[in-house]
Amino acid sequence: MTLSQAAFGIYIFVDILRGGSLTSYFFYVSLFVVIYKLILHPFFLTPLRHLPEAKGFKPLLGHGMIMFQRPGGEPHLKIMKETPNNGIILIRGLFHSTRLILTTPAALADVLVHNSYDFEKPPWARAFLRKFLGNGLLMSEGDEHKYHRKRIAPAFHFRHIKELYPVLWSKSIEFCDVVRAALGERPDKVLDIGHYSTQVTLDIIGLAGLGRDIGSLRNSDDELIKNYEEILEPTTEKAVYFILHLVLSPWVIGNLPWKLNRMVKITTGNLKRICTEFVADRKAKMKNEDAESEESCDILSIMIRSNDFSDENLVDQLLTFLAAGHETTSSALTWASYLLSLHPTIQTRLREEIHKTIPNPKALSNPTFDIANLLENMPYLNGVCNEVLRLFPTIPVSARVAIRDTTIAGQFIPSGTMSFIVPWAINRNPALWGPDSEDFVPERWIDKDTGRATMNGGANSNYAFLTFLHGPRSCIGERFARAEMRSLIATFVGSFEMEMADPGEKVIVGGTITSKPMKGMRLRLKAVGWGNR
Ligand code: HEM
């Protein structure tokens, strides 16, 4: 309690003793709380009040409307560009709550790496996400997070990812076969690529995560894909549903007479049931594996073998991996095809590199072939992947709340302060990337002298690229996702020329947590000759 709160409390107490009515005291106390929260604390008392503040403050709304603007992260970029700062910009949320936007590598490093466990995801975001992702790694905090992260990490070791490449490659080839077959049936040769990319990435995470071919590429009616598409299809109604969690408790939202509540309940129930069956099935199979047979090395088997997870927690972890592991890479593939359709010269140069380096795609299916080494050493392919991930980070905005008093870039941060970490804005910030920061330039990831891939795209700090964040709460699936993108983009661009179905279309970036095109991504595709295909 601050000095002013205490003084006011004493004043009221003395006045009650003098005989004032209880109702009038409730009124005065409420009035004081409102004035304190709306005016005194945010403008006169918070130790953060001297930080540079973003333009565009509106009474009561603060800068809160930026949460509703799309693409997510774009208003933050505007604020970064127009507000001189030393790493932290002050904005005000609804009812003037204090919020921060972090802008420099030093500030980001403090939150993501140096003082990482002083921060947690905001409770409202966890309450929302938990409905879809269960209580897996993404949602856990503190010691529980450290414990689980350490035990899951072996499944994402680079040696293990290397072993996964043949699976990634053969599924990518199957993806192209399915797209080719679908094109054959369409006189206009136009397809919504988002649908197919969701199918292939779900199949891939099924194999890598569960050791099981879900087969959604061959079966569009698959229950898992239907439930995910139902939940993840970006609509304005879902965006409102998400943002309401900022101001109302999940219990209140859950009890509103809203059709969406029923849909969420049914689909999340279905997903939980499917994952429970997957876990039981995998456990039964592992019991029957004899000691001589080779150990399965999918994520679920590794977690079961560790004996560190209860059955309930295995289901939660699986829910997280299935969702976090397919929706993200599916969006990345969709945005890659968008950018390549808008830049035909880059597309052609990439295809030339692919055809030259991989004369026959089927040859890579030989189990002895070192696909990882080949794909990881294709400079233009890696430049394109990095540039897609930079310009369209699948999770454009993330947030952290300080759970104790701490510091960011030398600034005292009181417990309870919320900071925004904004991959969309950092990845496009001209202060970090130069004047062409918003252009699609794969060459920035290639060293001009050696012709080899660079690690930081020419930026001065690796905190200029935030797509997977950094530190103990960074994306555990980063290597996996990068390997998957290389395989999918190499096979897709090697197999098809692509252009926007409607070249005049203004693609709107939507989505709640991940960024996806609002109305799908309709491309006109033309199969090209490649090897014996
Ligand atoms: C392009 C693809 C991907 C992107 C851009 C991406 C991005 C991210 C980001 C930004 C976070 C941190 C979220 C936050 O704290 O606010 C995260 C966490 C996570 N990601 Fe990914 N991800 C991708 C693919 C994957 C894949 C393929 C998997 C699994 C196979 C995966 C599993 C996870 C998990 C489990 C976490 C939670 C990690 C923790 O809290 O310790 N992600 N991802």
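Trainee: Which atom of the protein is the donor to the iron atom of the ligand?

Mentor: In this predicted model, the single protein donor to the iron is Cys475, through SG. The distance is 2.3 Å.

Trainee: What makes Cys475 a donor to the iron?

Mentor: A donor is an N, O or S atom within 2.8 Å of the metal. The SG of Cys475 is 2.3 Å away, so SG counts.

Trainee: Where does Cys475 lie?

Mentor: Look in the loop between helix H19 (430–433) and H20.

Trainee: Which residues come nearest to the ligand?

Mentor: Of the 28 residues around the ligand, five come nearest: His145, Arg149, Ser398, Arg400 and Cys475.

Trainee: Which elements give two or more residues to the shell around the ligand?

Mentor: They are helix H6 (142–152), H14, strand S5 (398–402) and helix H20 (478–495). H14 provides the largest share, 5 residues.

Trainee: How do the residues of the shell divide into nonpolar, polar and charged?

Mentor: There are 15 nonpolar, 9 polar and 4 charged residues.

Trainee: Why is Ser341 called buried?

Mentor: Its relative accessible area is 9%. Buried means under 20%, so Ser341 passes. Ser341 sits in helix H14, residues 311–342.

Trainee: What does Ser341 touch?

Mentor: Beyond residues up to four places away in sequence, Ser341 touches Gln347, Met498, Glu499, Met500 and Leu523. The Ser341 side chain also reaches the backbone oxygen of Ser337 at 2.7 Å.

Trainee: Which residues form the covered face of strand S9?

Mentor: Phe496, Met498 and Met500 do. Glu497 and Glu499 form the uncovered face.

Trainee: What makes S9 and S12 a pair?

Mentor: Pairing needs at least two bridges, and this is why they count. S9 and S12 (residues 522–527) are joined by 5 bridges and run antiparallel. Within this pairing, Glu497 stands opposite Lys526 of S12.

Trainee: What is the strand order of the open sheet of 5 strands?

Mentor: The order is S1-S2-S8-S5-S3, with mixed pairing.

Trainee: Why are S1 and S3 at the edges of the sheet?

Mentor: Strand S1 (88–92) and strand S3 (119–120) each have a single partner strand. One side of each is therefore left without a neighbour in the sheet.

Trainee: What joins S5 to S8?

Mentor: They share 4 bridges and run antiparallel. Ser398 has Ile421 in S8 as its bridge partner. Ser398 is also one of the residues that come nearest to the ligand.

Note on methods:
Residues numbered from 1 in each chain as written. Predicted model: local features only at pLDDT ≥ 70, side-chain atom pairs only at ≥ 80, totals over all residues. Heavy atoms only, no water. Buried < 20%, exposed > 50% of the residue type's maximum accessible area, 1.4 Å probe, protein only. Polar contact = N/O pair within 3.5 Å; in protein donor to acceptor, adjacent residues only side chain to side chain. Contact = heavy atoms within 4.5 Å. Near = heavy atom within 4 Å. Nonpolar A, V, L, I, M, F, W, Y, C, P; charged D, E, K, R; others polar. Donors = N, O, S within 2.8 Å, 3.2 Å for Na, K, Ca; no water.
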